Amino acid sequence: MLKLLKKTLAVCLIGFGLGILLVILLPFTGWLFLIGVAVVAVGLAWLAC
């Protein structure tokens, strides 16, 4: 159950990060782009473990 919850949370993080990236690609600002990349990276790392 806990493993399923972790995977769900990781997928949500990846989706949230991608959403940030897509929104930010319109008015391109560096900080939010970096935050989006970081969120996606954390989500992927969480999925991997």
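In this report, a contact means that heavy atoms lie within 4.5 Å. The model is a predicted one, in which local features need pLDDT of at least 70 and side-chain atom pairs count only at pLDDT 80 or more, while totals for chains, interfaces and linings use all residues. Residues are numbered from 1 along each chain as its sequence is written, and side-chain values use heavy atoms, with hydrogens and water left out.

**The chain as a whole**

The chain has 2 helices and 0 strands, where helices (H or I, at least four residues) and strands (E, at least two) are DSSP runs numbered from the N terminus. Helix α1 covers residues 2-24, and helix α2 covers residues 30-48. Of the contacts in the chain with a separation of 6 or more, 53% are accounted for by residues 24 or more positions apart. Buried residues (under 20% relative accessible area, against over 50% for exposed and in between for partly exposed, with a 1.4 Å probe and protein chains only) make up 20% of the 49 residues in the chain. The chain exposes about 3,700 Å², and carbon and sulfur atoms supply 88% of that area; accessible areas come from the Shrake-Rupley method with a 1.4 Å probe, and for residues only the protein chains shown count as cover.

Leu47 is found in helix α2, and, leaving out residues up to four places away in sequence, Leu47 touches Lys7, Ala10, Val11 and Ile14. Leu13 belongs to helix α1; when its neighbours within four places in sequence are set aside, Leu13 is in contact with Val39, Val42, Gly43 and Trp46. Lys3 is placed in helix α1, and Val37 is found in helix α2.

| Residue | Relative accessible area | Class |
|---|---|---|
| Lys3 | 61% | exposed |
| Leu13 | 23% | partly exposed |
| Val37 | 38% | partly exposed |
| Leu47 | 28% | partly exposed |

**Pairs separated in sequence**

Lys3 and Leu47 stand 44 residues apart in sequence, and their C-alpha atoms are 9.7 Å apart in space. Leu13 and Ala38 are 25 residues apart along the chain, with a separation of 9.9 Å between their C-alpha atoms. For Val37 and Leu21, which are 16 residues apart in sequence, the distance from C-alpha to C-alpha is 7.4 Å.
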